[in-house]
Amino acid sequence: KALAENVEYAEGHFKKIRDEVIKDQTTGINENDKKIIEEKYKNYVSSIEENKKVLYNPDKYKNVLLLGATGFLGVHILCELIKNTKADITVILRGKNNKDSVERLYRTINYYFGDINETELSRIRILTGEITKPYFGLSEEEYINLADTTDAVINSAANVHHYGDYSEFYGINTELVSKLVDFASIGRKKDIHHTSTVGIAAGYVEGRKDLIFTEDDFDVNQSIDNVYADTKFLGEKIIYEARKNGITANIYRMGNLTGRASDGHFQKNMGENGFYKIMRSMITMGIMPDVKEETIDFTYIDNAAEAVVRLAFSQGTENGTYHVQNTNNISIHTMAEYFSQMGLNIKLKEYGDYLKFIFDNHNNPEYADDVETILLHMHFEENVKLSRFKIICLKTQNVLKKCGFQWSSPTKERLEKLLKFS
């Protein structure tokens, strides 16, 4: 990562990259891709089961094992389970001892939600272990007892960074999924609810620049060169195989997780969040691209957790793959207008001019740090060689509506809450 953040290019090479990026980013869909997309979308829409019965049932599971409970998504799923289901929840956390594990969870809960009453806390059982180790780091007796009493596993554990040692990602994003399948295969019959990412729709597909990626898609011959997305892809592959062997397993591909819709509360380590970094740099520079297409995804974390729990606790959603992504997108143009209404000095530039400005100011002391952030996290140079994927969520939307769920819209007020929290 440090190397990637400090790469220096010769001016001639940088200008060549700039011109390639501008051409790539401002070129529309070619006719062949357009024809394939239109036909695929038509077939996809016709396959949506409008009349399929889906019923949310907060009593569906009595005992849930939640992995990743101290993560940004995991702790919100935990709160959702406590507030809106009747299940008892077991979590497995690292710690020197059980007291240390308990304190770690309580600190996380307190950071995001304040105090939770004793009655609610009494439904959480905390075990000390290490989920990437055999038996989840528990004793054999604890492991077997857990397998005999668990109805469902919700896996929100993941290494979500985009740089690092492959083995660290593989252990938790891929190997852990195999351990979950083994766990689901012994003792009481139990379902798996596995969180993944829409980011598996990435990389290069030979002969295709533009594609749509639906809930029905998985391996479309994409070559993924991102360590996070690649290991999540392999994790999904294990789930698909497990279904063939009789394991009931849902996949939830998460969108761009942001702060809560209710109050803007963001993750603890928000300074590491790529989307937040891009937004901050654009605001600091006071310049944004004038793009009117509504493509910016604010998948609010409280909405996302509610969607996962509603899908998991509903009858008629079994063995489904879902795109948990806010369908109420917003354009950069509208975001810039909201920022201006908040008193921020934002200028809009036509997209091609904006890209030229970014590349031409990479050595300008006034903008260099923010330009570096935007170039690093928007992956312009890499994207020239990659295919472009559009995520489709209509099937998920149809089911979520039947579950009684609705996404929050990215309003000026919600954007302001996010900025105030940051």
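1. Helix H16 is followed by Gly404, whose phi is positive, near 85°. The model is a predicted one, in which local features need pLDDT of at least 70 and side-chain atom pairs count only at pLDDT 80 or more, while totals for chains, interfaces and linings use all residues. Residues are numbered from 1 along each chain as its sequence is written, and side-chain values use heavy atoms, with hydrogens and water left out.

2. H16 spans residues 394-402, and its buried residues are Lys395, Thr396, Asn398, Val399 and Leu400. Helices (H or I, at least four residues) and strands (E, at least two) are DSSP runs, numbered from the N terminus; buried means under 20% relative accessible area, exposed over 50%, and partly exposed in between (1.4 Å probe, protein chains only). The cover over these buried residues includes helix H3 (31-46), helix H11 (301-312) and strand E13 (321-324).

3. The structure holds 20 salt bridges, each being a side-chain nitrogen of Lys or Arg within 4 Å of a carboxyl oxygen of Asp or Glu. One of them joins Lys83 and Glu120 (3.2 Å, N to O). This pair links distant parts of the chain, with Lys83 in helix H4 (residues 72-84) and Glu120 in helix H6 (residues 118-121), 37 residues apart. Glu120 counts as buried, at 14% relative accessibility.

4. Asp210 forms a salt bridge with Arg388, and their closest N and O atoms are 2.9 Å apart. Here strand E7 (residues 210-213) supplies Asp210 and strand E15 (residues 388-391) supplies Arg388, 178 residues apart. Asp210 is buried, at 9% relative accessibility, whereas Arg388 is partly exposed, with a relative accessible area of 23%.

5. Glu236 and Arg253 also meet in a salt bridge (2.9 Å, N to O). Glu236 lies in helix H9 (residues 227-244) and Arg253 in strand E8 (residues 249-254), so the pair ties together parts 17 residues apart in sequence. Both residues, Glu236 and Arg253, are buried. Elsewhere, salt bridges that share partners join Arg18, Asp19, Lys356 and Asp360 into one network.

6. Which residues lie nearest the centre of the second largest pocket? They are Glu49, Lys52, Tyr322, Lys395 and Val399, among the 19 residues that line this pocket. The elements giving two or more residues to the lining are E13 and H16, and the largest share, five residues, comes from H16.

Key:
Contact means heavy atoms within 4.5 Å. On a 1 Å grid over the protein atoms alone, a cavity is a set of points where a 1.4 Å probe fits but cannot get out, and a pocket is an open set with protein on both sides within 12 Å along at least five of seven lines; lining residues have an atom within 4 Å of a point.
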